[in-house]
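Here are my notes on the model you sent over. Have it open beside you while you go through the points.

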Amino acid sequence: MVIAKWGRKEWSVSRSSILNISDMSFSYQQTADNNTSTEENKLTNQRGKELFPLKFSTILYAGAGVDVRAEIKDWESLVTSVNYFYLGGELLGPALQLRKVSVTDVKTDDSGKMIYAKLSFEFKEYDQETSSVKTNVPPLEITASKESKIIKKEENEALMVSELNGIRIGDWVRFVGNTWGNGAELKKGWADRSHEVTAIQGETYILGFPNGICAWAYRKDITLD
């Protein structure tokens, strides 16, 4: 299930990985009267709006199927790129340029491999006249209404399956099987704990994302607590 999208980058929940967004903020602000041209302001001498800003964060977690270092390198290559941002299948704001990516809270395993990191993104409306980095604005890839219908269909199908199985998003469950959804054996103690269902995709249940175990399981391996 696709949660959000900017160009080729997607935030989604699937059987193989979990990538969500948090701490999102944006604003609509009037520009000052008799404004002079700067990189942060549109060239105008009348009342108008400041360039649209968008900020949010995402957690990269190897246990949720994400290659943390590769994802960070990919985002590094996209700084100054311009594209459209969709949230829930609907266009949010104008064409946005990625201005900054901050990497914090990095955790590694004993070999130095990155297994966890928090990425914070800063986007700004792209205005070719004032931006210090000139680039082409790509065409809209898909109408918001079409993408919205696709996401809504996925959500409805997941809801129907969850209702039939008696487990819905927000319910607390525990394991009755011995393995995670990827086949790995449960760690000692996990089977005795309760985990919140945070997303559902068909017979796949995402548990404890982003503040819990961040893992997935099949319906046959869990039961209501």
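Predicted model: local features only at pLDDT ≥ 70, side-chain atom pairs only at ≥ 80, totals over all residues.

1. Is aspartate 23 buried or exposed? Aspartate 23 counts as exposed, because its relative accessibility is 53% (buried is under 20% relative accessible area, exposed over 50%, partly exposed in between, using a 1.4 Å probe and protein chains only). You'll find aspartate 23 in strand β3, residues 22–26.

2. Residues are numbered from 1 along each chain as its sequence is written, and side-chain values use heavy atoms, with hydrogens and water left out.

3. Back to backbone angles. Aspartate 23 has a phi near 55°, a positive value in a residue other than glycine. Aspartate 105 also has a positive phi, of about 55°, and is not a glycine. For context, most residues other than glycine have a negative phi. Aspartate 105 lies in strand β8 and counts as partly exposed, because its relative accessibility is 46%.

4. Now the sheet. Five strands make an open sheet in the order β3-β4-β9-β8-β5, with antiparallel pairing (two strands pair if DSSP finds at least two bridges between them). The edges are β3 and β5 (82–83), and each has a single partner strand, so one side of each is left without a neighbour in the sheet.

5. Going through the pairs: β3 and β4 are antiparallel over three bridges, and serine 25 has lysine 55 in β4 as its bridge partner.

6. How many bridges join β8 to β9? There are ten, and the two strands run antiparallel. Leucine 98 has phenylalanine 123 in β9 as its bridge partner. β8 and β9 form a hairpin with five residues between them, and glycine 112 in the turn has a positive phi of about 90°.

7. Next, the core. The largest nonpolar core has 23 residues, and Trp6, Trp11, Trp75, Phe85 and Phe123 touch the most other members. A nonpolar core here is a set of buried Ala, Val, Leu, Ile, Met, Phe, Trp, Tyr and Cys residues joined through side-chain atoms within 4.5 Å. Two or more residues come from each of β1 (2–6), β4 (53–61), α1 (68–78), β8 (96–108) and β9 (114–125). The largest share, five residues, comes from β9. Apart from this core lies another, of 13 residues, among them Ile167, Tyr205, Leu207 and Ile213.

8. Have a look at tryptophan 75. Leaving aside neighbours within four places in sequence, tryptophan 75 is in contact with Trp6, Lys9, Trp11, Leu98, Val101, Leu119, Phe121 and Phe123 (contact means heavy atoms within 4.5 Å).

9. One of those contacts, lysine 9, is worth a point of its own. Lysine 9 sits in strand β2, residues 9–12, and is buried, with a relative accessible area of 8%. What does its side chain meet in a polar contact of 2.8 Å? The partner is the side chain of glutamate 71. A polar contact is a pair of N or O atoms within 3.5 Å; within protein, one must be able to donate a hydrogen and the other to accept it, and residues adjacent in sequence count only if both atoms are side-chain atoms. Not counting residues up to four places away in sequence, lysine 9 touches Ala4, Glu71, Asp74, Trp75 and Leu78.

10. Last, threonine 135, in the loop between β9 and α2 (144–165). Threonine 135 is partly exposed, at 25% relative accessible area. Its C-alpha atom is separated by 7.3 Å from that of serine 81, 54 residues apart along the chain. Beyond four places in sequence, threonine 135 touches Thr80, Val82, Gln97, Tyr126 and Gln128.

Terms used: Helix = DSSP H or I, 4+ residues; strand = E, 2+ residues; numbered from the N terminus.
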